[in-house]
Structure formats: C-alpha cells, structure tokens
Amino acid sequence: MTAATDAGQAVADAHRREWAFVLAATVRVARDLDLAEECVQEAYAAALSAWERDRVPGNPAAWLTTAAKRRAMDAIRRERTFRSKLPLLVEPEEAVDELALDELGEQKQEQVVDSEGVVPDERLRLIFTCCHPALAQEAQLALTLRLVCGLPTPDVARALLVSQQTMAARITRAKKKISAARIPYRVPRPAELPDRLTAVLGVIHLLFTAGHTAPSGPALMRTDLADRALHLARALRDLMPDEPEVRGLLALLLVTDARRATRTGADGRLLRLEEQDRSVWDRAALAEAHELIVAGLRGGRAGRYLLQAAIASLYAKAPTYEETDWPQIVALYDRLLSLWPSPVVALNRTVPVSMAHGPAIALAQVEALEQDGALSRYQYLPAIKADLLQRLGRTDQAAAAYREALELTGNEAERAFLAARLTHQQTTPRKGSSLTPP
C-alpha cells in the first residue's frame, strides 16, 4: 500500500470511529456547534496530507483533536481582533447590551467547567447539551445524530423515516436556531437532566439501531456504532441509575446485541431469526438484560424501552423459533402500543400476530398501515407484506412487494437477502418472517 492509501484509510477509520469524540472536545473550546464542526472538518482534511507526508500518528484521535482545537482557538482570536478593531457603528446602549452578552457568555463558560463532573463521559455530555429543550425533539435527534454521532445525513434521514432533503433542511434550521437564539454550549445542571432524558434515550437507541443494521453500505452491521451506543447506555445508567427507562434501554440494547455473532453466515448472508444458532448467543448479555427487565417490571412503571426489552427477551428465551410464546409477545406489543402509538411498533406487532393468528389477519393490519402512509419510506413494511403474501400463496403480489422493499433498502446485505427471496420464491408456505425489523 502507498503512503497516500495508508493515510486515506486511516482518515476514513478515524472519521468512522472518532468523529464524535473529536467534535465533543472541540465544542468545549469553540462554544459553538457550527464553528466546531467546521474546525473538525478542516482537521480531517489536513490529516490527509499531513499523514501521507509524516505517516499516520500513533493516536489519530489525539492528533485530530489537537488540530481542531487549534483551528477553533485561531477562529476565536480572529473574531476578537475583528471586533476590537471594528469602528463603533451602533448606539451606545446596544454596545452595552453586547458587552453584557459577552459577560454572560463568560459566566456560562465558567458553568461549563463547574458542571463537567455532572456528566463525566465526553460524548454523553455533548448529547445532553445538543438535546436542548429550545429545539423540537425531531431537531434534537437529527442534529445530535449528525454532529455528535457522525452519521451521514442520508443515514439520519433513513433512521427518522424522512427524505434526505427534509433531513438536511431540518438540521440547517436547528443550527440556525441555535445561532439566532444564542443557545450556548453548556452542560445541563443535574436538575435539568430529566427534561432532556427522553431525547437522549432516543439518540442512543437510534444510534444503536444504525449500528445493528446499517442504513447503507456493504455490511449488515456497523459494530463501531453499536459498541458506541452500548457504551453510552452504560454511562447513562451510571449517571442516572434510578431511572427505569435508562435501565430499560440498556436491557433492550443488550438483549438485541446478544445475537450479533449469528446474524450473518460465514459467507456474509443475512440469517433469519429462525436460522440463527441460539447456542452461540451471548448468554452473559442476556442474563444481565433479564435482571434489568425483571427489576424494571417489578417497579411497576414499564416504559417503552423496558417493554421493547421484554419483547426481545421473550424471543431470545424460546428454545426454538417455533416455540416462541407468540400470544405473550402480542400482549406485550398491545401494552407498548397503548403507551407509544407508533406505526413502526404496529408494524412490528404484525410479525407475532401472523404466527399466533395467521398471515391473513396480519396482512390486513399491514395493508391498513400501508394505506395510512406514515411508513411509506420504511423498507420493512413491503418486506413483511411480501412474506405474508407468499405464505398465503399470492406469489405475484409477493414479488411486487419484494421489488418495492428492494427499492427502499440501502444495506447491501439486506438487498442480497431480498433479491434472493425474489429470485427463488418458495412454492410452499413458510412459517417465519422473511425480514424482521431491527
């Protein structure tokens, strides 16, 4: 490999693994998300030529962080110099107001230093900071996934089931609002954490989902994202150990990730849940998740993440796919839907419904969701519909649904699976679902 190839690969790896850490460290200096993002981008660009010339450093993250921080400090100095030399073109009262804002900013910077111990994890601290209540929750999720977690805008759009153009506009509006409203980079005080918890939980869950099944790319998983989400969930549990939904989220991630080693075959082919070797599942993770679920259910306040964890745990506890307690899973989905009436939850519920009550009943529910239109960009709807149609012997309609799912799917492992299902349609009904949502 040439030096240029080595440098390019190292920069790509560092972007995938270290973007969030470098941005979090840079924001602390820049005190502005837009400026910090610009400085981090410049640092990565500079790394390409520097690492080709001087070789890849032993600690790429430290190199990038130092470079980004220096750029941020240079930008701040330039701004201060410009402001000091700019002639007074405003009324004295306005100048005083500006000075007061500067002093307020300094006070807020002191609060950052004083409150850093509240959220000791660097990346978790930035997530709490970005989930500012002045922003709509959709904007909080989009901005945090893009800037803090480093997901490309198309992948953020897929995660939130909107078009790429809509997502880009949403992120731009959020950044403009932060700038116009002078929302500072300030770590929330302990009393403010609960108000931001729902959004923070949502960010970590979506980050894990993007790692568990990558929205795009050749591999089924992005293990770096899944590992990062698990780390953040544990850090959040350490920070807020008495919050039931924090324990529920950690349990959900653990029980879902326990199947990691069996989700693809040796050839990279996606394996359905009923095809996976259950003896290889991570029993330690399943046991830890079970303890969290039992403790949470005993507390009597089962939220959406705890109920999802309980559903995933029932799938995992069954000796075989056929022996899964389908009626109990349907009952848990009913509880979840009453608490969180999400169309994705309603779609996921159709899988156990098809096993407990038959594919015809499940298909009617899928078609009702299809008519609603809320999941028009969600690839798992036509994939599940195709499986149900095939089980009912309606092969031509099943083929059309598989083609629709293929058009919506960006992950190459899932596309290969769907293409194989389309090409090799089975002639006898199946019992299992062709593609279960992550």
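Helix α14 passes α15 in a left-handed crossing. A crossing is left-handed if the near helix is turned anticlockwise from the far one by less than a right angle, and right-handed if clockwise. The model is predicted: local features need pLDDT of at least 70, side-chain atom pairs count only at pLDDT 80 or more, and totals for chains, interfaces and linings use all residues. Residues are numbered from 1 along each chain as its sequence is written, and side-chain values use heavy atoms, with hydrogens and water left out.

**Helix pairs**

Two packed helices are described by the angle between their axes and the distance between the axes. Axes are lines fitted to C-alpha atoms, for helices over the stretch in contact, and angles run from 0 to 180 degrees between N-to-C directions. Helices (H or I, at least four residues) and strands (E, at least two) are DSSP runs, numbered from the N terminus.

| Helix pair | Angle | Axis distance |
|---|---|---|
| α14 and α15 | about 160° | 9 Å |
| α17 and α18 | about 165° | 8 Å |
| α6 and α9 | roughly 45° | within 10 Å |

Now read the angles. Under 35 degrees counts as roughly parallel, over 145 as roughly antiparallel, 65 to 115 as roughly perpendicular and the rest as oblique. At about 160°, α14 is therefore roughly antiparallel to α15. Their contact (heavy atoms within 4.5 Å) includes Trp-326, Tyr-333 and Leu-337 of α14, and Val-345, Arg-349 and Met-355 of α15. By class, the residues of this contact are 13 nonpolar, 1 polar and 2 charged. Here Ala, Val, Leu, Ile, Met, Phe, Trp, Tyr, Cys and Pro count as nonpolar, Asp, Glu, Lys and Arg as charged, and the others, Gly among them, as polar.

How do α17 and α18 lie to each other, roughly parallel or roughly antiparallel? They are roughly antiparallel. The crossing of α17 with α18 is left-handed. Among the residues that meet are Pro-382, Ala-386 and Leu-389 in α17, and Ala-398, Tyr-402 and Leu-408 in α18. This contact has 9 nonpolar, 2 polar and 2 charged residues.

The axes of α6 (residues 137–148) and α9 (residues 193–212) cross at roughly 45°. That makes α6 oblique to α9. The crossing is right-handed. Gln-137, Gln-140, Leu-141, Thr-144 and Leu-145 in α6 meet residues of α9, including Gly-202, Val-203 and Leu-206. The classes here are 6 nonpolar, 5 polar and no charged residues.

Helix α17 has 12 residues, 380–391. At 1.5 Å a residue (the expected span is 1.5 Å times one less than the number of residues), α17 should span 16 Å. The C-alpha atoms at its ends are 17 Å apart, which agrees.

How many residues of α17 are buried? The count is 12 of the 12, so α17 is largely enclosed by the rest of the structure. Buried means under 20% relative accessible area, exposed over 50%, partly exposed in between (1.4 Å probe, protein chains only). Lys-385, Asp-387 and Arg-391 are among the buried residues. The cover over α17 includes α15 (343–357), α16 (359–372), α18 (395–408) and α19 (412–423).

Thr-350 sits in α15. It is buried, with a relative accessible area of 0%. Leaving out residues up to four places away in sequence, Thr-350 touches Ala-362, Gln-365, Val-366 and Ile-384.

**Positive phi**

Most residues other than glycine have a negative phi. Arg-55 is not a glycine, yet has a positive phi of about 80°. Arg-55 lies in the loop between α2 (33–54) and α3 (60–85). Is Arg-55 buried or exposed? At 71% relative accessibility, Arg-55 counts as exposed. In sequence, Arg-55 is 48 residues from Ala-7, but their C-alpha atoms are 7.2 Å apart in space.

Leu-161 also has a positive phi, of about 60°, and is not a glycine. Its place is the loop between α7 (153–159) and α8 (164–180). With 22% relative accessibility, Leu-161 counts as partly exposed. Just after α17, Gly-393 has a positive phi of about 80°.

**The whole protein**

The protein has 19 helices and 0 strands. It has 438 residues, and 50% of them count as buried. Of its contacts with a separation of 6 or more, 67% join residues 24 or more positions apart.
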